[in-house]
Amino acid sequence: MTELKERGVVSASDRRRPLVRTWFGIAQTALLIVLIVSGLGPLLWAAKASVSPSNDIVSDPMGIWFSPNDWGNLALAWNGARIGQSLGNTVILAVGSTLSTLIVSVAAAFLLSVLRPTWGPWLSGAILATLFLPGVVSFVPLYLTILDMPLLHVSLQDTFWAVWLPAGASAFNVVVLKRFFDSIPREYMEAATIDGAGPLRILTLVVLPLSRPILGVIVLLSIVGSWKEFLWPMLVLSNPDLQPVSVMLPRLATGNSPLAVQMAAVFLSIIIPVVLFAIFQKQFLRGVGTAGGVKG
Amino acid sequence: MTKTLEAAAPVAKRRKRFNAARWARGGGLHAVLLAVPVVLVYAYFSWGPVIQGLVLSFQKTNLIQPAEWVGWSNFTYVLADPGLVQASLNTAYFALLALVFGFPVPIVLAVLVNELRKYDALYNALAYLPAIVPPVAAILLWKFFYDPDATGMFNTALGWIGLGPFPWLNAEHSAMPSIVLYATWAGAGSTAIIYIAALSTVRTELYEAAEIDGAGIWRRVWHITLPQLRNVIFVMMLLQLIGTFQIFTEPFLFTGGGPNNATQTILLKIYNYAFVNGDFGAATALSVLLALFLGLLSVAYYFVTKRWSTS
């Protein structure tokens, strides 16, 4: 995205025309303002509300001048409303889900792209088929599966496994990874085989190091995706000690905690993914772009 | 299927019978071992639930007694539910509003950002920010912004230019449009990034050719940019349709289906059947119906758009 773009709709000579230039400037500025207000606005507002007294938030929501005199909100939200604990749960869920997605998807993609057993096409077809099924058909039976795992007859309800394991079945990531593995020159792997490396060493010493960029993208998107999950963790984690922040927040909002504390909680739950995004912007945006390429 | 890894293995005597050691050395054993976690995870959490969903829709179960087969009665029960028509209409209304008002936003955004020669990374990052914010947190914020009082946030801002106050989520006629407005804010940025990636593949010679033919900037957008994006636009439109028909979190948290069922959607109904009434048969029956509908929609969409897409 940062490469030199030769031109877009508007050519270089167009750009020199004063009329085009003026309109361009206006459009650019207007767009920037709209994006700042809509993208950054809610975040800044939440930041402001998290350190304001409840009365100020309600009486003057658009107030720009304020005195950050209620730092206690954040502490109240962190401890009293147990946002600290549920944020910890969110982190545990995000890391576990990401690991499970990575392990299963890498195994599947390596199998289908490099090992290519005779039964590979069957597995590949069965995984691809899940891409085309809308999630709705399975969410109720998936819940029943968690309550009583077929054959094993254990319940994963109220364990983190109930969120981690289903996250592994991500056909989309298998497709993305398999495409990437397919593009790795076979000569590298053949050379490694001649040097006596088995399939596992090929995976860990050749394929994975070369795939670092795509693995990074999958990790980032998976962490943010898991951070945003709401319905599934709400269903399978009924114990408040295990619930992530996305499940805790709505309960906080319907409870009787003051508005300022709610807003502090909202702010705390937003800030970590936003910081993550600020650091890894480029990877995020490139990842979303390629993801679109796969869909398209 | 060529087996790359086996190419290096010694070319053994021809017509040899299956040899376990050779098969293992060639990667066969590793393939099976790697397949075990993959197959288990997909069987338990993806393939199994789909099949179980189909089975459950023909059964009655309360999780305590063994399930009994009840034929089509779950389907007839669901279809006879007086709330279904309203929920379907609401869902379709949401999909339509999102298509008419929400869908063009990321395209416009992408075309504009693509023309920038400086700071486009800043624009991209700002546009993507709403996609990073967890929906639950964003919905709580927006719920506050949508305060129907004259001192509510949006009403105050609109009051400056003499509009409002609007009831937003509190009135039947404006609740759904309010949710669409939120959904557009939440989704436009990430979709725009996909369009921007697609725009970088537009062939620039075409613009030059059009310029020589005297086409102005608008005509170039209309006759070159958009047609070149056609395939991506079709795919994104289908994905958006499929997504909007499965909307849950927004009405669940914003309104809970109210006021007066004005934002009751199909997925909310499925949720209520299963987790409020404990009627898993009815819930899966409605899920199967929705999935069938989406499948038919996708097939119909494919054939309709095939005619218009670039070969």
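Two residues are in contact if their C-beta atoms, placed from the backbone, lie within 7 Å. This is a predicted model: local features need pLDDT of at least 70, side-chain atom pairs count only at pLDDT 80 or more, and totals for chains, interfaces and linings use all residues. Residues are numbered from 1 along each chain as its sequence is written, while chains are lettered from A and ligands numbered from 1 in the order in which they are written.

**View 1. The bend in helix α12 of chain B.** Helices are DSSP runs (H or I, at least four residues), numbered from the N terminus. Helix α12 covers residues 217-244 of chain B, 28 residues in total. Its end C-alpha atoms are only 33 Å apart; a straight helix would reach 40 Å at 1.5 Å a residue. The expected span is 1.5 Å times one less than the number of residues. α12(B) bends by about 55 degrees at B:Arg230. That bend is the angle between axes fitted to the seven residues ending there and the seven starting there.

**View 2. The buried residues of α12(B).** They are B:Arg220, B:Leu229, B:Val232, B:Ile233, B:Met236 and B:Thr244. Buried means that 20 or more other C-beta atoms lie within 10 Å of a residue's own. Their cover includes α5 (82-102), α6 (104-114), α10 (172-199) and α11 (204-212) of chain B.

**View 3. Chain B against chain A.** Here 87 residues of chain B are in contact with 84 residues of chain A. Helix α3 (residues 28-56) of chain B gives the most to chain B's side, with 19 residues.

**View 4. Two domains of chain B.** An automatic or database assignment sets the bounds: domain 1 (4-56) and domain 2 (83-306). Their C-alpha centres lie 42 Å apart.

Notes:
Helix = DSSP H or I, 4+ residues; strand = E, 2+ residues; numbered from the N terminus. Buried ≥ 20, exposed ≤ 12 C-beta atoms within 10 Å, placed from the backbone.
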